[in-house]
Amino acid sequence: MQKRDALYEGKAKILYATDDPNQVIQYFKDDATAFNAQKKGSIDDKGVMNNAISEVLFQLLEKEGIPTHFVERLNEREMLVRKLEIIPVEVVLRNVIAGSLAKRFGLPEGEALSRPVLEHYYKSDPLGDPMINEFHIRALGLARDDEMKEIEKLGFRINDILKEFFDQRGIILVDFKLEFGRHQGKILLGDEICPDTCRLWEKGSLEKLDKDRFRRDLGKVEEAYQEVCRRVCA
């Protein structure tokens with residue numbers, strides 16, 4: 001597969017065109033950002049680990065009937081994926097009170113929710129990805145009603161699959177972000193699934209094994225990513 005010009009560079013990845021107009025190469029960077037890129041840094045080999053973790057999780061989801069953009073991992077830092085028209089609505093699934101949910105409701109982190117919560121956010125870095133609801137999505141024409149119903153159904157199913165997968169490896173899936181896009185008339189899961197996009201806590205100790213270690217200056221950031229990679233890719 002021939003890698004061509006860069007199409008897009010985000011905070012954590014670069015997308016490159018290929019000689020197939022329906023496929024792109026997704027390159028994983030070591031750059032780390034938090035608080036809408038107000039805090040910037042680097043995590044050694046983060047791109048390598050996130051690429052490997054995402055490959056395993058995309059393959060798991062595909063086996064369970066979830067359509068994704070994943071085609072194959074090309075090397076340590078690059079993944080071949082189907083080209084998507086990204087729907088500008090980020091989907092967050094929450095199983096445990098943490099992060100912005102704790103702040104919004106004045107609740108302590110760590111309490112399990114009685115049922116999963118699904119939230120929508122408008123994908124816009126300049127605006128800080130504000131929280132929106134189905135009425136905003138409909139009024140702004142961000143996605144059709146049938147597309148959002150499919151996305152929500154897929155989101156809850158992905159949550160069930162990943163919760164069980166991580167639980168078997170001694171990790172609590174606290175919450176996580178998903179992005180979806182259109183490809184040849186179908187809705188596919190895109191982006192990545194890794195400690196950048198998931199809150200992952202050690203069962204028992206509740207030690208954080210994700211990007212919160214970078215956000216909150218907790219130290220041992222690389223070690224946390226390495227531990228998740230070891231358990232997921234074993």
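Buried here means under 20% relative accessible area, and this is the sense in which the word is used in the legends for this predicted model.

**View 1. Strand β2 and its two antiparallel neighbours.** Strand β2 covers residues 13-18, and because five of its six residues are buried, the strand is largely enclosed by the rest of the structure. On one side, β2 pairs in the antiparallel sense with strand β1, residues 3-9, over four bridges, and alanine 6 stands opposite tyrosine 16 of β2.

View 2. Lysine 13 forms a salt bridge with aspartate 191, and the closest N and O atoms of the pair are 2.8 Å apart. The two partners belong to distant parts of the chain, 178 residues apart, since lysine 13 lies in strand β2 while aspartate 191 lies in the loop between β14 (186-189) and β15 (198-202). Aspartate 191 has a relative accessibility of 12% and therefore counts as buried, and lysine 13, with a relative accessible area of 13%, is buried as well.

**View 3. The salt bridge between aspartate 31 and lysine 29.** Aspartate 31 forms a salt bridge with lysine 29, in which the closest N and O atoms are 3.5 Å apart. Lysine 29 counts as buried because its relative accessibility is 10%, whereas aspartate 31, at 34% relative accessibility, counts as partly exposed.

**View 4. Helix α1 and the glycine that comes just after it.** Helix α1 spans residues 46-63 and has 18 residues, reaching 26 Å from its first C-alpha to its last, which is close to the 26 Å expected at 1.5 Å a residue. The helix is mostly covered, with 14 of its 18 residues buried. Just after α1, glycine 65 takes a positive phi of about 90 degrees.

View 5. Glutamate 227 and arginine 231 both lie in helix α6, residues 221-233, where they are four residues apart, about one turn of the helix. They form a salt bridge whose closest N and O atoms are 2.7 Å apart. Arginine 231 has a relative accessibility of 17% and so counts as buried, while glutamate 227, with a relative accessible area of 22%, is partly exposed.

**View 6. A network of salt bridges.** The count for the model comes to 35 salt bridges. A network of salt bridges links Arg94, Arg104, Glu109, Glu119, Asp175, Arg199, Asp212, Arg215 and Arg216.

View 7. A disulfide is a covalent bond between the sulfur atoms of two cysteines. In this model the count of disulfides comes to zero. Cysteine 194 is in no disulfide, and the nearest cysteine sulfur, which belongs to cysteine 198, is 6.5 Å away. With a relative accessible area of 2%, cysteine 194 is buried. Cysteine 233 is likewise in no disulfide, the nearest cysteine sulfur being that of cysteine 229 at 3.9 Å. Cysteine 233 has a relative accessible area of 33% and is partly exposed.

Note on methods: Residues numbered from 1 in each chain as written. Predicted model: local features only at pLDDT ≥ 70, side-chain atom pairs only at ≥ 80, totals over all residues. Heavy atoms only, no water. Buried < 20%, exposed > 50% of the residue type's maximum accessible area, 1.4 Å probe, protein only. Pairing = 2+ DSSP bridges. Expected span 1.5 Å × (residues − 1). Salt bridge = Lys/Arg side-chain N within 4 Å of Asp/Glu carboxyl O. Disulfide = S-S within 2.5 Å.
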